Amino acid sequence: SSYNNQGKMKDQSNYFRTAIAGILLGVHFALFFGSIKLTLVSNATFLGTLAPLFTLLLELIVLKRKFSYKITLGLLFSFIGAIIIFGNSFDLSQKYTLGNFLAIMCSLCLALSFMIAEKVRQTENTVVYTRMLYLSASLTLLVIAFFTNTTLLGFSNYEYLGLIFLGIVPTIMGHNAIYYSVKYVSPTVVSAFPLGEPVIATILASIIFGEIIFLNIYIGGLMTLLGLIIIITKK
């Protein structure tokens with residue numbers, strides 16, 4: 001009941017803004033998973049986390065904002081770390097051009113969604129915003145699935161359990177934390193934190209599946225985490 005009692009949006013124009021942000025979020029997911037089919041996972045993962053680069057450009061050029069040297073240094077460290085992690089397996093050859101382009105576009109969609117989120121969250125609470133956002137994103141994905149003849153049923157119980165887990169942990173907990181934070185810190189700062197995903201994913205893969213961690217991942221991971229720590233200490 002507390003979920004339903006969060007109320008309605010205070011500014012009616014925010015319904016439209018949130019619907020657009022949801023469409024962008026849905027397209028972001030569709031483009032990312034589409035890019036994985038057409039390019040290397042490393043390409044899709046790195047190019048799919050370029051949102052802070054786009055938000056930085058939008059904030060600098062469109063909103064005329066200035067960033068402290070600590071934030072800039074933190075972002076630089078995080079990007080260099082990500083490049084070191086994916087450097088060995090990164091491949092920009094022509095056969096992956098379309099997949100790479102889709103991954104870059106998915107980052108741009110996410111960046112634009114975060115920019116809208118910052119605007120809306122100044123007056124709306126997290127639950128009211130994300131409730132409308134996820135509805136819009138889900139409907140967008142449903143339309144995309146319909147036009148691409150994507151199968152939506154017939155999964156195993158194990159796969160359905162995995163989908164429920166993805167909905168609860170990365171979406172409700174993860175994304176909601178991001179949309180809570182974007183009211184208080186820059187979209188560029190917020191969107192930088194997914195750069196830590198490959199580092200954490202590698203550590204978990206090592207613990208759970210016994211995968212080998214190579215030297216470039218140690219070095220790149222430490223640089224990325226250092227960059228994020230610098231950003232945290234400033235914000």
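1. Cys106 has a relative accessibility of 0% and therefore counts as buried; here buried means under 20% relative accessible area, exposed over 50%, and partly exposed in between, with a 1.4 Å probe and protein chains only. Cys109, at 10% relative accessibility, is likewise classed as buried.

2. On the basis of the values: this is a predicted model, in which local features need pLDDT of at least 70 and side-chain atom pairs count only at pLDDT 80 or more, while totals for chains, interfaces and linings use all residues. Residues are numbered from 1 along each chain as its sequence is written, and side-chain values use heavy atoms, with hydrogens and water left out.

3. On disulfides: a search of the whole structure returns zero of them, a disulfide being a pair of cysteine sulfur atoms within 2.5 Å. The cysteine sulfur closest to that of Cys106 belongs to Cys109 and lies 7.5 Å away, which is too far for a bond. Cys109 accordingly takes part in no disulfide.

4. On salt bridges: the whole structure contains two, where the term denotes a side-chain nitrogen of Lys or Arg within 4 Å of a carboxyl oxygen of Asp or Glu. In one, the side chain of Arg65 meets that of Glu59 at 2.6 Å, N to O. In the other, Arg65 pairs with Glu118, with the closest N and O atoms 3.0 Å apart. Arg65 lies in the loop between helix 3 (51-62) and helix 4 (69-86), and Glu118 in helix 5 (residues 97-121), so this pair ties together parts that are 53 residues apart in sequence. Helices (H or I, at least four residues) are DSSP runs, numbered from the N terminus.

5. On the salt-bridge network: Glu59, Arg65 and Glu118 are linked by these contacts. Arg65 is partly exposed, at 30% relative accessibility, whereas Glu59 is buried at 0% and Glu118 is buried at 12%.

6. Rings of Phe, Tyr and Trp (its six-membered ring) pair if their centres lie within 6.5 Å; planes under 30 degrees apart count as stacked, over 60 as edge-to-face and the rest as tilted. The ring centres of Phe46 and Phe86 are 6.1 Å apart and the planes stand at 55 degrees, so this pair is tilted. Phe46 in helix 2 (residues 41-47) and Phe86 in helix 4 are 40 residues apart, and their pairing links distant parts of the chain. Phe46 is buried, with a relative accessible area of 10%, and Phe86 is buried at 11%.

7. On aromatic clustering: Phe114, Tyr129 and Tyr179 make up one aromatic cluster.

Technical notes. Helices (H or I, at least four residues) and strands (E, at least two) are DSSP runs, numbered from the N terminus.
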